[in-house]
Amino acid sequence: MSAGRAAAYSVSDLRAFRIQMAVAFLSTVAIAGTRPTTTYRALALGAGNFEVGLVQSAFSVLPALTAVAIGRWIDRHGEGRTYFGGLLALSLGGVLSALAGNLLMLGIAQAIVGFGTITTLVSGQ
């Protein structure tokens, strides 16, 4: 990269980029850390193989159904608020997963985590 090209970026652009990368890294770590533990949580709640599969697949249902709509929402309203909303959904889903007292609640929590994941991924692009 030439010196002239590097000078085109402002300090605030670089700061915003670094913040976005840090948040993306932390949300990815949170997802990668909680997904495997969901299986153990489901087993602790008495799930068999089939129920564990249902709980784990709940993560993918909302993203599969809403990805295009999320993209259109971002086109109309911008990525900043949407990204923040996705992070809130990730946080809410994580807390609900930890507090889930039954398999239904754990499945709902995983669906919320999945929705937060697709929202942050699409808005972060």
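**Basis.** I worked from a predicted model, in which local features need pLDDT of at least 70 and side-chain atom pairs count only at pLDDT 80 or more, while totals for chains, interfaces and linings use all residues. Residues are numbered from 1 along each chain as its sequence is written, and side-chain values use heavy atoms, with hydrogens and water left out.

**Entry 1: H2 and H4.** I took helices as DSSP runs (H or I, at least four residues), numbered from the N terminus. Helix H2 covers residues 11–44 and helix H4 residues 79–99; their axes come within 11 Å and cross at roughly 25 degrees. Axes here are lines fitted to C-alpha atoms over the stretch in contact, and angles run from 0 to 180 degrees between N-to-C directions. H2 and H4 are therefore roughly parallel to each other (angles under 35 degrees count as such, and those over 145 as roughly antiparallel). I noted a left-handed crossing of H2 past H4; left-handed means that the near helix is turned anticlockwise from the far one by less than a right angle, and right-handed that it is turned clockwise. For contact (heavy atoms within 4.5 Å), I found Gln20, Val23, Ala24, Ser27, Ile31 and Arg41 in H2 meeting Tyr83, Leu87, Leu90, Ser97, Ala98 and Leu99 in H4. By class, these residues are 8 nonpolar, 3 polar and 1 charged. Ala, Val, Leu, Ile, Met, Phe, Trp, Tyr, Cys and Pro count as nonpolar, Asp, Glu, Lys and Arg as charged, and the others, Gly among them, as polar.

**Entry 2: H2 and H5.** I found the axes of H2 and H5 within 11 Å, crossing at roughly 165 degrees. The two helices are therefore roughly antiparallel, and their crossing is left-handed. Ile31, Arg35, Thr38, Arg41 and Ala42 of H2 make the contact with Leu103, Leu106, Gln110 and Thr117 of H5. I recorded 4 nonpolar, 3 polar and 2 charged residues in this contact.

**Entry 3: H3 and H5.** Helix H3 (residues 49–77) packs on H5 at about 35 degrees, with the axes 7 Å apart. The crossing is right-handed, and I listed its contact as 15 nonpolar, 9 polar and 1 charged residues.

**Entry 4: largest pocket.** I noted about 160 Å³ of space in the largest pocket. A pocket is an open set of points on a 1 Å grid over the protein atoms alone, where a 1.4 Å probe fits, with protein on both sides within 12 Å along at least five of seven lines; lining residues have an atom within 4 Å of a point. Grid points are joined across faces, edges and corners, and the volume is the space filled by probe spheres set on them. H2 gives the largest share of the lining, 6 residues. Among the lining residues are Gln20, Met21, Tyr83, Thr117 and Gln125. The lining divides into 5 nonpolar, 7 polar and no charged residues.

Note on methods
Parallel < 35°, antiparallel > 145°, perpendicular 65-115°, else oblique.
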